[in-house]
Amino acid sequence: MADTAPPLTREKRSKRRKVDEGAAPANATPPGRAARAQNRLTLRQRLKRDRVMLLLTLPGLLYFVVFHYVPLLGYVVAFQDYQPYLGYMHSAWVGFANFTAAFGEPAFWSATLNTLEIALVQLVFFFPVPIALALLLNSIVSERLRRFVQSVVYLPHFIGWVIIVSIFQQILGGAGLLPDVLGGLGLPRYDMMSDPDAFPWLLTLQVAWKDAGWGTIIILAALLNIDKQQYEAAAIDGAGPRRRLWHVTLPGIAPVLILLLILNLGQILSVGFEQILLQRDAVGPDAGEVLDTYVYYHGIKDNDWGVAAAVGLVKAVIGTALVLGANKFAHRLGHEGVYRGADR
Amino acid sequence: MERPTRLGQFAKGLALVVVVAAVVYPLLGVIGTSFASQSDIIRSTGLVLWPDHPTLDAYRTIFTGGVVTRALFVSIGITLVGTLASLLVTVGMAYGLSRRDVTGSRAILMIALFTMLFNAGIIPNFLLIKGLGLYDTYAALVMPTLVSAFNLVVLRSFFMNLPEELYDAAKVDGAGDFRILVRIVLPLSKAVLAVISLFYAVTYWNAFFNALLYLGDSDKWPLPMVLRTYVLQGQSLNSASAGEVLAPQQAVQMAVLVIAVVPILLVYPFLQRYFTKGVLTGAIKG
């Protein structure tokens, strides 16, 4: 290969800078030997050298572009009076009419409120569950028993929502275990599955069943990283189990908890779509409609494409802003956040 | 350290029993009910844990052809083909991005990772599937979830953590990038590949939402869609087979649930021990 460095044109230089920028801030660290060797090759030579690696990457890249980036263009529908037989090209442009139509609809605000209510109930009542469960698991002395309980509680994570909702139907639904037991005790038969007031609680209960165990994994890892000597020192200083929990354990896992909390806040508009869709009919749209189901029913069921896409776009923009903001905030607190650690 | 109090021990034990029972009872109950006869079901409250008169009628009903059998084949097919395709594409991409000096790899990685932060949404995705002509095809159940950025990160981290000397030695011996992948990297990655296969397989096996959105033709439905219609919405499966001994409706529903859960229960114990590592790589390094 050519050892002499050909003079860089401006174009090549800018391309090179793009590649380097990712690795480290320009002046922070001197380029290593690999980087210097790289600089001697032209882009074409480097592409040739990396052709196998790039070719292997290509199908995946194509997937991400086609199925995650191209659909973003479909949001033009939000600004159109979209007619499927006319397509994007020939449907009439309506400006922000779809947005004003959605915002003028009580159903939209009801869906927004439901979304926030469900998210809030889940945040307050589901978030602590994996933490408590992890502390319980962590306190099991017998290795064997702990392994067993762990494999049991991880399992529901792999069971699909349709199955989980069906199982809950058998236990809490009209002819299920709970009403039968209540009836046997001479109490009114209560069907939680179709009680609109109980809907956020039902959802939270189901999420806890499915994912509380799975959520312990990351907390258990944080617990494992706490220095054992801190416990001994605290015990010598006379701290009982409760004080050790408060002054050693909780501060030890606090960074992970804060990170999880922030990420949860970022996802607040996306409460379980499949889960809710499956049960919306039982409680009716007044309690069961969230932003995602609103988009689904308006767009795909009622062919009200423009308004549905507009609501979807608002949700997506706020959602992405929340995630990005949450991640930034996590960085601010000195944590790695979601994507900064990617190249570790 | 001081001895734990007896009350504390008791409370802890009780909590553990409750947690384990909360997971195990519904699953055993579903399996038990699927074997129950009419008299068992009448006598029981809720689920039948241990049928006194076990019968296979429910399974006979669902396996005599018809909706459930067909859906089962669809789900098995989608799961096998989908998992294999996802694995191939993910391995290729993870390996291609696993070396930092590959031209443009950083930018490509960012393109993939950024999709963890946003989702195009229902309407645009639906229009894309229609536009690509994938509506009402099995491909619509596989293509939209072909690669998970999470799995990609897990696999890439694993590849990057393999000792550098392996690559160097192979290069000295004249092996190309592809040969290194097949001969050296993949054989060393069996455990992580198994876990990622499970993650993908579970996604395809449980695929409900893509089916709901992209399949208009009920003949193509996978198992979760059939579950929704015949178990959740309570439509009867029995009506078609006139003249036969009818299994109780509830037993039939639970039998459908059982065939949906059992494959997961079968592979789960073999893979369970690898979870922690995989999840932590994905969550912390991702």
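What is the accessible surface of chain B, and what share of that surface belongs to carbon and sulfur atoms? The surface comes to about 13,000 Å², and carbon and sulfur account for 67% of that area. Please keep in mind that this is a predicted model.

Staying with chain B, let me turn to the fold. The secondary structure consists of 15 helices and zero strands. The C-alpha trace spans about 70 × 70 × 35 Å along its principal axes. On radius of gyration, chain B has 24 Å, whereas a compact globule of 286 residues would be near 19 Å.

Next, packing. Of the 286 residues in chain B, 55% are buried. If we take the contacts in chain B with a separation of 6 or more, 68% are between residues 24 or more positions apart.

On charge, chain B carries 20 positive side chains and 14 negative ones. The centres of these two sets are 6 Å apart.

Now one residue from chain A, Ile164(A). This residue sits in helix α10, which covers residues 161-172 of chain A. Is Ile164(A) buried or exposed? Ile164(A) counts as buried because its relative accessibility is 0%, and the cut-off for buried is under 20%.

What does Ile164(A) touch, leaving aside neighbours within four places in sequence? The contacts are Pro156(A), Ile159(A), Trp209(A) and Lys210(A).

One distance to finish. Leu137(A) is 27 residues from Ile164(A) along the chain, and their C-alpha atoms are separated by 24 Å.

How values were computed. Residues are numbered from 1 along each chain as its sequence is written. Chains are lettered from A and ligands numbered from 1 in the order in which they are written. This is a predicted model: local features need pLDDT of at least 70, side-chain atom pairs count only at pLDDT 80 or more; totals for chains, interfaces and linings use all residues. Side-chain values use heavy atoms; hydrogens and water are left out. Helices (H or I, at least four residues) and strands (E, at least two) are DSSP runs, numbered from the N terminus. The radius of gyration is taken over C-alpha atoms; the globule rule is 2.2 Å times the number of residues to the power 0.38. Buried means under 20% relative accessible area, exposed over 50%, partly exposed in between (1.4 Å probe, protein chains only). Contact means heavy atoms within 4.5 Å. Accessible areas come from the Shrake-Rupley method with a 1.4 Å probe; for residues, only the protein chains shown count as cover. Lys and Arg count as positive and Asp and Glu as negative; His and the chain ends are not counted. The place of a charge is taken as NZ of Lys, CZ of Arg, CG of Asp or CD of Glu.
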